[in-house]
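I opened this model to look up its core, its strand pairing and its aromatic rings. My entries follow the order in which I checked them.

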Amino acid sequence: MKFEDLTFKSTAMPKGVQALLGFGDYELSIVKSDFSYGGASGLYEIAVFKDNGQVEMPGITEPGDTVQGFLSESDVESIIKKMHLISGADPEQA
């Protein structure tokens with residue numbers, strides 16, 4: 001899946017945009033807002049969820065962290081590819 005294939009929805013609080021992708025048991029949240037890491041600079045932040053809670057995912061987030069910020073569009077595409085490889089599931093837009 002390419003970045004331009006993502007469908008972003010507006011968020012009210014905080015004001016910004018979010019796209020959600022399902023990968024089997026996991027969900028990848030991609031956000032950009034004034035409060036996200038890098039959002040004020042036009043960059044994106046991701047978090048991985050499982051069972052409605054944020055989780056660490058080796059290869060995607062750093063140990064001890066569930067969020068990765070300051071990501072360009074190409075960084076987000078790379079993370080989508082890694083999520084596919086790690087989870088074994090094709091991305092599904094939520």
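These are my notes on a predicted model.

**Core**

I began with the largest nonpolar core, which has 18 residues. I listed those with the most contacts inside it: Leu6, Leu28, Ile30, Val76, Ile80 and Met83. Next I looked up where the core residues come from. Strands E2 (16–23), E3 (26–33) and E4 (44–50) each supply at least two, and so does helix H1 (73–87). Which element gives the most to this core? H1 does, with four residues. I noted the background as well: in soluble globular proteins, nonpolar side chains tend to be buried together.

I then took Ile30 and left aside its neighbours within four places in sequence. Its contacts include Leu6, Phe8, Val17, Ala19 and Leu21. Tyr44, Ile46, Val76 and Ile80 are also among them. I found Gln18 and Glu45 on the contact list too.

**Strands**

I checked E2 against E3. They run antiparallel and are joined by eight bridges. Leu21 stands opposite Leu28 in E3. The two strands form a hairpin with two residues between them. In the turn I looked at Gly24, which has a positive phi of about 65 degrees.

I moved on to E3 and E4. How many bridges join E3 to E4? I count six, and the strands run antiparallel. Here Glu27 stands opposite Phe49 in E4.

**Aromatic rings**

I looked for ring pairs with centres within 6.5 Å. The count comes to four aromatic pairs. One of them is Phe3 with Tyr44, at 5.2 Å centre to centre and 65 degrees between the planes. I logged this pair as edge-to-face, because its planes are over 60 degrees apart. Phe3 lies in the segment before strand E1 (9–11) and Tyr44 in strand E4, so the pair ties together parts that are 41 residues apart in sequence.

Tyr44 is buried, at 7%.

I turned to Tyr37 and Phe70. Their ring centres are 6.3 Å apart and their planes at 35 degrees, so the pair is tilted. Tyr37 lies in the loop between E3 and E4, and Phe70 in strand E6 (residues 67–71), so this pair ties together parts that are 33 residues apart in sequence. Phe70 counts as exposed, at 55% relative accessibility.

Last, I checked for clusters. Phe3, Phe8 and Tyr44 form one aromatic cluster.

Technical notes:
Residues are numbered from 1 along each chain as its sequence is written. This is a predicted model: local features need pLDDT of at least 70, side-chain atom pairs count only at pLDDT 80 or more; totals for chains, interfaces and linings use all residues. Side-chain values use heavy atoms; hydrogens and water are left out. A nonpolar core is a set of buried Ala, Val, Leu, Ile, Met, Phe, Trp, Tyr and Cys residues joined through side-chain atoms within 4.5 Å. Buried means under 20% relative accessible area, exposed over 50%, partly exposed in between (1.4 Å probe, protein chains only). Contact means heavy atoms within 4.5 Å. Two strands pair if DSSP finds at least two bridges between them. Rings of Phe, Tyr and Trp (its six-membered ring) pair if their centres lie within 6.5 Å; planes under 30 degrees apart count as stacked, over 60 as edge-to-face and the rest as tilted.
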